[in-house]
Amino acid sequence: MVINNFSILFLAALAAATATRLWLAARHVSHIRAHRGQVPAEFAADFSLADHQKAADYSSAKTRFAMIDIALGAVVALAFTFGGGLELLHQVAALWLPQGIAHGLALIGLVVLATTLIDLPFDYYRAFVIEARYGFNKMTPGLFFADAAKNLLLGAVLLLPLAAAILWFIRGVGDYWWVAAWALTVAYGVFVQFIAPTVIAPLFNKFSPMQDTELKERVERLLARCGFKVKGLMVMDGSRRSAHGNAYFTGFGNTKRIVFFDTLLKQLNPAEVEAVLAHELGHFKLRHILKRMAWSAGLSFAFFSLLGFLMRQDAFYSGLGVASPSPAMALLLFMFVIPPLTFLLQPVGAMYSRKHEFEADQYAAQHASASDLISALIKLYRDNASTLTPDPIHSAFYDSHPPAVARIARLQKA
Ligand SMILES: [Zn+2]
């Protein structure tokens, strides 16, 4: 086995990221436990002690289980690289296929299949033990496995053509292949988002136009007030899988639509639904979605240029336990190396997202009602058993949404 600078950098980053993630999770659990005895004063009127303790227990159970996942993730990354997993799958694919694009695709397919199978028992436990214990899981095992199979097939249909094109660029375009690969990946991402609401989402859920006329009129008045044109107001049968409620915005141009989970419509009254929708419209009107797409395009440009450089370094392969370099192998190694190396970007992204959440809340307070949004948030926190007392450092690191206390305090001032 070869040990070089790439090995040391990867090992150090993996160790640092894993230790930090475990430390954050342990802090989070002990902070939640320490505040389990009492509902925070701001929520005393709306949360019973039993609600608060359910949220505390549910959040700790999820975080404790996540710690096992974090540790296993590190072991898997080591097994695929230094442990020879990637090299072994390379040889398996080489039994049928000579070196080339088809072999590269087979190798990528085998690795994705292996990592999916490793994750599957964890996903199963999460749904049928943790979510079920708190009354959130609505899936049957049959639906769970059907989803897993569909996801795998969908992944193959969507990603293999992109991977094939990238491998082809690497062979045919020369040193700057990565610019073409980056441009194609960004364009393909936009295309997938365009077809997601009409082609992909219906594979998993039923969507029906909103029926409730009172709510529909309310929502249409809000859309008109905000100068927003949208084709579909849809209700999705989220209750098939989970009792958690949500609402989201999807597609663009002709496929733009607003989707409400049926569970959300059951939890909230029409005024609260309007306030939640106003928040979502805020994300759109303030161009948060566009900004996020621009950010990720910029970031992937940096990643592709780094990949373009690494692919030409023999030490990159040998230092990470691979004896058979190939473009597909470089893509796969990159997939294992990048998460620990970019782990410290996580809090920056989360902070950026929380800033957008505050802005969208502000927009909702201007175009709907701040007090309706507050009561919607309280209901959603209570019904989803989200903790009111996250560890501040854990929250700063990961949370895409500001803690409930902070959001509500700002809305009260609005
Ligand atoms: Zn939001």
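Analyst: Ala385 is buried, with a relative accessible area of 2% (buried means under 20%, exposed over 50%, and partly exposed in between, with a 1.4 Å probe and protein chains only). The model is predicted, so local features need pLDDT of at least 70 and side-chain atom pairs count only at pLDDT 80 or more, while totals for chains, interfaces and linings use all residues. Residues are numbered from 1 along each chain as its sequence is written, and side-chain values use heavy atoms, with hydrogens and water left out.

Ala385 has a positive phi of about 55°, although this residue is not a glycine. Most residues other than glycine have a negative phi. Ala385 sits in the loop that joins α14 (370-383) to α15 (392-398); helices are DSSP runs of H or I with at least four residues, strands are runs of E with at least two, and both are numbered from the N terminus. Arg287, also not a glycine, has a positive phi of about 60°, and the place of Arg287 is the loop between α9 and α10 (288-310). Whereas Ala385 is buried, Arg287 is exposed, at a relative accessible area of 53%.

The helix to examine is α7, which runs over residues 213-225 and has 13 residues. From its first C-alpha to its last, α7 reaches 18 Å, close to the 18 Å expected at 1.5 Å a residue, where the expected span is 1.5 Å times one less than the number of residues. The buried residues of α7 are Leu215, Val219, Leu222 and Leu223. Because these residues cover an arc of only 100° around the axis, they lie on the same side of α7; the arc is taken from the directions that lead from the helix axis to the C-beta atoms. An α-helix has 3.6 residues a turn, so residues three or four places apart point the same way.

On the face of α7 turned away from this buried side are the exposed residues Thr213, Glu214 and Ala224. The buried residues of α7, in turn, pack against the strands β2 (232-236) and β4 (257-261) and against the helices α8 (262-267), α9 (270-285) and α13 (346-367), contact here meaning heavy atoms within 4.5 Å.
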